Amino acid sequence: MKIQQNVAKGKPLLSLFNSTDESFHAKLRRSVANAYAMSTLVQFEPLVDSTIEAFVKQIDQRFADRPGDGGVANFGTWLHYYAFDVIGQLTFSKRLGFIEQGKDIDGIIATLEGLLDYFAVVSVAINTYCCSYLTITLIKVGQKPWLDRLFLKNPVLLWCNDHGLINTDSPVAAFARARMASRLEEKAQLNSSTEQSTSRLRKDFLDRFLDANKKDPVFINDRRVLALTVANIFAGADTTAITLRAVFYFLLKHPDSMEKLVHELQSADLGPQSQIVSWEQARTLPYLTAVIQESLRMHPAVGLPLERIVPSTGLTVGEIFIPPGTNVGATARAVHAKESIFGAEPEKYRPERWLTASDVERTEMNNALFSFGMGARTCIGKNISLLEMYKLVPTIFRQYEVSLSSSFQNSI
Ligand code: HEM
């Protein structure tokens, strides 16, 4: 059992994210790769649009239509809400409710933060019956994996959870279980021809994983479908929120770059101002692309090294031989600081570096951009997150004048 493994009904959920068995990983990835392919983005777009519509409505009602202090939003928090709700919508055709309610539903964000600390190196968190967290600092579960058997994967707790005596499921796993149960019920009630037309209309991730389950019910069994949906939320919400926050933060700190982006959006033929920018249009905008690439470079969402285990042949890096079985890793931010690849002053935010580079240089920069990882384990949700970001950013800058509030300016 891995530390970074969610639990549902007392049993750990094995996913792409936490499996270390390469052949299992490759088979699972092959089974669901289609759902994340570039070609499916068009079908996902209406689900992103409906979330952006809800987001804009709340921003209008709560802030933009209330001048003065009422117009000040903690936009980083709202981007977090967007990222959770949009992946909920894409996965289950149902938002988790962050946007409408303007709050951290069931403490999901707080729980996830607690879990990331737990998985990493800084604290132990004990998931109590009511899913609140008791944190004992300075014990390092990520560094001392056996501690996990005492806390979250404690066999007694797991047994009690499995038998319904306590509930140690994360709120995301509970939400996913409820969505899956209602989808299976819905499918059971529909006759096959109606089912076909409904799922053609919706086609969210859950539908796609259930299609994979139909093709290979032994390998993609119900628990695996559940694990895949939970992994989407855990892997895709925080990472997208962090990157969106970086996009807005850097633009706000570099008004000249923001002006260039706004100018590009005003000059392009994107339809009425209130319209959500389409994926097809957004990805042809060079400055927007440069802004997103530069934010991914400057502030990669995954701050820790992306680890791999040296294979049985060993590995020679320069003049150093690394023996088989050694954990090695590279940190995206360190890779992105390479002047020989990313050009002069790599520590500075400069979207123009992506525009002034020659085709050969830009290809090299793109190949070295490590925010989504690389190789067999590279982020399977990259296209999805680009869809979410490429649509939201221009839509916001077309509809609002965005600036830092004076209270924020004074606090930095
Ligand atoms: C800006 C947003 C995102 C960033 C920066 C990001 C980053 C990453 C990174 C660094 C990895 C590990 C790659 C490696 O070890 O080489 C990863 C894996 C993964 N990501 Fe993302 N991710 C993002 C969005 C998403 C989204 C939206 C989803 C789901 C729809 C998702 C699902 C996954 C999954 C399932 C894996 C495991 C893949 C595997 O092991 O085969 N990610 N992501």
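Glu 352 is buried, with a relative accessible area of 19% (buried means under 20% relative accessible area, using a 1.4 Å probe and protein chains only). Welcome to a predicted model, where local features need pLDDT of at least 70, side-chain atom pairs count only at pLDDT 80 or more, and totals for chains, interfaces and linings use all residues. Residues are numbered from 1 along each chain as its sequence is written, and side-chain values use heavy atoms, leaving out hydrogens and water.

**Around Glu 352**
- You will find Glu 352 in the loop between α16 (339-342) and α17 (353-356); helices are DSSP runs (H or I) of at least four residues, strands (E) of at least two, numbered from the N terminus.
- Setting aside residues up to four places away in sequence, Glu 352 touches Lys 260 and Tyr 287 (contact means heavy atoms within 4.5 Å).

**The iron atom**
- Cys 379 (SG), 2.3 Å away, is the single protein donor to the iron atom of the ligand (donors are N, O and S atoms within 2.8 Å of the metal, or 3.2 Å for Na, K and Ca).
- Cys 379 itself sits in the loop between α18 (359-368) and α19 (382-399).

**Around the ligand**
- Domain 1 (7-234) and domain 2 (255-411) both give residues to the shell, so the ligand lies between them; these bounds come from an automatic or database domain assignment.
- With 6 residues, α11 gives the most to this shell.
- A polar side-chain atom of Arg 308 lies 2.6 Å from an oxygen atom of the ligand.
- For His 25, a side-chain N or O atom is 2.7 Å from a ligand oxygen atom (a polar contact is a pair of N or O atoms within 3.5 Å).

Methods: Buried means under 20% relative accessible area, exposed over 50%, partly exposed in between (1.4 Å probe, protein chains only). A polar contact is a pair of N or O atoms within 3.5 Å; within protein, one must be able to donate a hydrogen and the other to accept it, and residues adjacent in sequence count only if both atoms are side-chain atoms.
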